[in-house]
Amino acid sequence: MVEKEILLKKTIENMYDFKDKETSENFVREKEGLDEEVIRRISKGKNEPDWMLDFRLKSLKIYNEKKMPNWGPSIEGLDMDKIVTYVRSKTPMQGKWEDVPDDIKNTFEKLGIPKAERKSLAGVGAQYDSELVYHNLKKEVAETGVVYTDMESALNGPYADMVKEYFMTLVPPTDHKYAALHGAVWSGGSFVYVPKGVKVEVPLQSYFRLNAAGAGQFEHTLIIVDEGADLHFIEGCSAPKYNVANLHAGCVELFVKKGAKLRYSTVENWSKNMYNLNTKRAKVEENGIMEWVSGSFGSKVSYLYPMTLLSGKNSKMTYNGITFAGEGQNLDTGAKVVHAASNTSSIINAKSISKDGGIGTFRSSIKILKNAKNSKSTVDCQSLMLDSISRSDTIPGMDIRTNDAKVGHEAKIGRISEEAIFYLMSRGISEENAKSMIVSGFAEPISKELPLEYAVEMNNLIKLEMDRNM
């Protein structure tokens, strides 16, 4: 039994922490650091329109003027002069899996992407470092008018005007220093447009793999779900571990039109040398529904607070998220919502687990504007510490500008129950397995929100974290 558990642990570890050798023959790698010359080369290589180059250069100026964030964990170990902002395979993006180069294809095969596509996905985009290497949308979905492509193709194709209209309007470069950095060096990502009334029955997925050491990944995801439409979009992320800092500063902008519904699910498993400074934001119009499902694992430091603007009457938002902070990790996560119209509602359910000295911080920000009468918001966060050296903090923020609103907040922080462990051990279960069972049960309300394949992946990641240093 012990041998089987060790084998399973090694299998899960090997599924994510493997590296592919990148050579100058197969990859283009920018110089370290960031200046105007680098940005001009990136833009020229992508054959971008003039407006995008101008946007990048203005974002660079803002980045150089903005101060570093000072509200969360220290990111002093991140030296942008040593980060490579652009790395890409010399192969063009492929629409057939068999045409992807073998070394890259093997990476995604190990991660289970083609298998998942065949079993349960309507379309897949696979990004390797700075560019997508594979993208495909099932014919029957494309025939409904759904557009799912990479951002570069959208920027230069028939939806170029739509990209220009929406690009970085929810997350402007002036928002914070790393939003400006993203505006300057973004590369890759996905563009999705779901026409009015179209309901995509099975999920679309993008998977982001950062393989290069000392590099950054800056993908941009732009999704527009038109009136009465329905979509589930899944995002997966992973990277192998290196002894140098890596950076992820992606951006997600989601537009949910009148009566539309969007579920955005994420399972992140970044390496423990990663600084994850990602920004995600959604705007929901009248009677629209936005659902976030988030599993955050890995990374040395995370700043991640998905935000929802409820701009239309009767719009709704839910957030279900879990983080796991182990040794050497400081994960600062949470959710934000702005109620800007009447009869809006938001529900935030967040769970965090900390172990071996890991630090988990949950921040919530609820703002109900004066005109958002009869709005409701509930925040429930639960934190589980597995030892005496770990830490968990809850920092709620509420700005309520009308008396005609109902707002509640509940937080529970505690150690794992010794009585529960003793009870399970009395039934013949080992202490390690007893702890794993309790933690899996704690995470179950979040994992059940994911499709089966991704719930299994999240449970495997929890087991991997539980097995470390035991």
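The structure is a predicted model, in which local features need pLDDT of at least 70 and side-chain atom pairs count only at pLDDT 80 or more, while totals for chains, interfaces and linings use all residues. Residues are numbered from 1 along each chain as its sequence is written, and side-chain values use heavy atoms, with hydrogens and water left out.

The chain contains twelve helices and 25 strands; helices (H or I, at least four residues) and strands (E, at least two) are DSSP runs, numbered from the N terminus. Of its 470 residues, 57% are buried, where buried means under 20% relative accessible area, exposed means over 50%, and partly exposed lies in between (1.4 Å probe, protein chains only). A contact is a pair of heavy atoms within 4.5 Å. Among the contacts in the chain with a separation of 6 or more, 84% come from residues 24 or more positions apart.

Turning to the interior, a nonpolar core is a set of buried Ala, Val, Leu, Ile, Met, Phe, Trp, Tyr and Cys residues joined through side-chain atoms within 4.5 Å. The largest such core has 37 residues, and Val194, Ile223, Leu231, Leu254 and Met290 have the most contacts inside it. A second, separate core holds 23 residues, including Ile75, Ile83, Tyr178 and Ala249. Not counting residues up to four places away in sequence, Met290 touches residues including Leu254, Val256, Tyr264 and Met317.

How much of strand E9 is buried? Six of the six residues of E9 (residues 220-225) are buried, so this strand is largely enclosed by the rest of the structure. Two strands pair if DSSP finds at least two bridges between them. E9 pairs in the parallel sense with strand E6 (residues 190-194) over four bridges, and Tyr193 has Ile224 of E9 as its bridge partner. E9 also pairs in the parallel sense with strand E12 (residues 251-256), over six bridges. Here Ile223 stands opposite Leu254 in E12.

Charged side chains come next. Side chains of opposite charge can pair when their charged atoms come close. A salt bridge is a side-chain nitrogen of Lys or Arg within 4 Å of a carboxyl oxygen of Asp or Glu, and the whole structure has 19 of them. One joins Glu152 and Lys46 (2.5 Å, N to O). This pair links distant parts of the chain, 106 residues apart: Glu152 is in helix H7 (residues 151-156), and Lys46 is in the loop between helix H2 (36-45) and helix H3 (50-65). Both Glu152 and Lys46 are buried. Another salt bridge joins Asp175 and Arg281, with the closest N and O atoms 3.1 Å apart. Asp175 is partly exposed because its relative accessibility is 34%, whereas Arg281, at 10%, counts as buried. Finally, Lys31, Asp35, Glu37 and Arg41 are linked in a network of salt bridges.
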